[in-house]
Amino acid sequence: MNIQRWMARREPTWRQFETLLSQAETRGLPTLSSHQVRQMASLYRSVSADLARAKSHGVGPAVVKDLQHLTSRGYSQIYQGSRRQEWQALWDFCSYGFPETIRQTWGYIAVATLLFGLGGGIGWWYAWQDPSFMSLVLGQGFVEEVKTSQELWTVSIMGMEPVASSGIMINNITVALRTIVGGVTMVMPQAPWLMPPGVFTIFVLVMNGLMIGCVGVLVAQANLAYDLWAFVFPHGALELPAIFIAGGAGLLLAKGILLPGVYRRRDALGVYGLQAAKLLYGLIPMLVIAGLIEGFFSPQTWIPNPLKYAVGIALLIALGLYCGRQRPALKLD
């Protein structure tokens, strides 16, 4: 084999392969067209064959080293690139995809928030007007214990933070899942019949608001309001928005069933269901973080209440900034 002639003939192929590799490494595989991806795979096989031929015919070590480097880079992109793409896709969703979905579905999340606020307002009003209503919602024993002890029930978390934190996470995620699934249907033990789409989602939002409103009146009457809201604020800055997002996801599913619009009902469920799934993926980390805060930070009596309020405000501001996060504009060459 005439080595010089062979190298001159094969050199353009190697450089073409290197160009495609450089684009895939710097900009990612998705920037390559389907034709370029097939071409890169074909060139990889060709360069691998050239490497074997170079070794067997005693081509200079510099050429062999260059071909080894090219095949190694090609292997990483072709056989391991999919894993990197998966991690890149996850990072992209966390960085931009979840905030984009929140902005796209903000109307449904706003309605869920209003339903929660409506329940809270009703609970607050009726609890002030009628103490028996507060006992009906919260339980007579719980109300009497708080009024008698003049102490927050949250002190029970102290000394069992890991167990309490994991229990809180599981409970909150379960509530969020039921709120979302309630957009399709739900069966309650108290009423063993299938609820229409969205009814259970509305029930969860209003009922949770009702309970918060009654609790607010209870701690106000027991002179514990400042301490309770200091406890709630740090984790509530993430936990409550996550529940509102779950409510928005449930309402999306209900819309896909009841009001498909220009879509066929099956297609509408696919469109709105995908958005609901994205909301679910994003809110679970929020609830995990909120559970950690509620278990390890919020109940600590040695942390001053002003600091707890400050942390809650900071988390709420950070969440707002995160939800407004947008992809950087693409630069045209």
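Asn223 is placed in the loop between H9 and H10. The model described here is a predicted one. Although Asn223 is not a glycine, its phi is positive, at about 60°. Asn223 counts as exposed because its relative accessibility is 68%, and exposed residues are those over 50%.

In total, 30 residues line the largest pocket. Those that lie nearest its centre are Ile212, Val232, His235, Glu239 and Glu294. The volume of the largest pocket is about 1,000 Å³. In general, empty space left between atoms is shown by rolling a probe the size of a water molecule over them.

Tyr309, by contrast, counts as buried because its relative accessibility is 18%, and the cut-off for a buried residue is under 20%.

Another aromatic pair is formed by Tyr263 and Tyr272. The centres of these two rings are 6.3 Å apart, and with 85° between the planes the pair is edge-to-face. Tyr263 counts as partly exposed, at 35% relative accessibility, whereas Tyr272 counts as buried, at 12%. Ring pairs also link Phe93, Phe98 and Tyr322 into a cluster.

The salt bridges number nine. In general, side chains of opposite charge can pair when their charged atoms come close. Asp66 lies in helix H3 (residues 61–79) and Arg15 in helix H1 (residues 3–27), so the pair ties together parts 51 residues apart in sequence. Asp66 counts as partly exposed, at 26% relative accessibility. Arg15 likewise counts as partly exposed, with a relative accessibility of 26%.

A salt bridge also joins the side chains of Glu18 and Arg73, with an N to O distance of 3.9 Å. This pair too links distant parts of the chain, as Glu18 is in helix H1 and Arg73 is in helix H3, 55 residues apart. Glu18 is partly exposed, with a relative accessible area of 27%. Arg73 has a relative accessibility of 13% and therefore counts as buried. The residues of both pairs, Arg15, Asp66, Glu18 and Arg73, are linked together with Glu11 in a network of salt bridges.

Elsewhere in the chain, the side chains of Arg264 and Asp267 meet in a salt bridge with an N to O distance of 3.0 Å. Arg264 counts as exposed, at 52% relative accessibility. Asp267 is partly exposed, with a relative accessible area of 32%.

Leu118, Ile122, Trp125 and Tyr126 make a nonpolar surface patch of about 420 Å². Of these residues, Trp125 is placed in helix H5 (residues 106–129). Gly121 is also found in helix H5. Gly121 has a relative accessible area of 39% and is therefore partly exposed. The C-alpha atoms of Gly121 and Gln36 are separated by 60 Å, and the two residues are 85 residues apart along the chain.

Terms used. Residues are numbered from 1 along each chain as its sequence is written. This is a predicted model: local features need pLDDT of at least 70, side-chain atom pairs count only at pLDDT 80 or more; totals for chains, interfaces and linings use all residues. Side-chain values use heavy atoms; hydrogens and water are left out. Buried means under 20% relative accessible area, exposed over 50%, partly exposed in between (1.4 Å probe, protein chains only). Rings of Phe, Tyr and Trp (its six-membered ring) pair if their centres lie within 6.5 Å; planes under 30 degrees apart count as stacked, over 60 as edge-to-face and the rest as tilted. Patches are made of residues with over 30% relative accessible area and no salt bridge: like charges are joined within 9 Å, nonpolar side chains (Val, Leu, Ile, Met, Phe, Trp, Tyr) within 5 Å. Accessible areas come from the Shrake-Rupley method with a 1.4 Å probe; for residues, only the protein chains shown count as cover. A salt bridge is a side-chain nitrogen of Lys or Arg within 4 Å of a carboxyl oxygen of Asp or Glu. Helices (H or I, at least four residues) and strands (E, at least two) are DSSP runs, numbered from the N terminus. On a 1 Å grid over the protein atoms alone, a cavity is a set of points where a 1.4 Å probe fits but cannot get out, and a pocket is an open set with protein on both sides within 12 Å along at least five of seven lines; lining residues have an atom within 4 Å of a point. Grid points are joined across faces, edges and corners, and a volume is the space filled by probe spheres set on the points.
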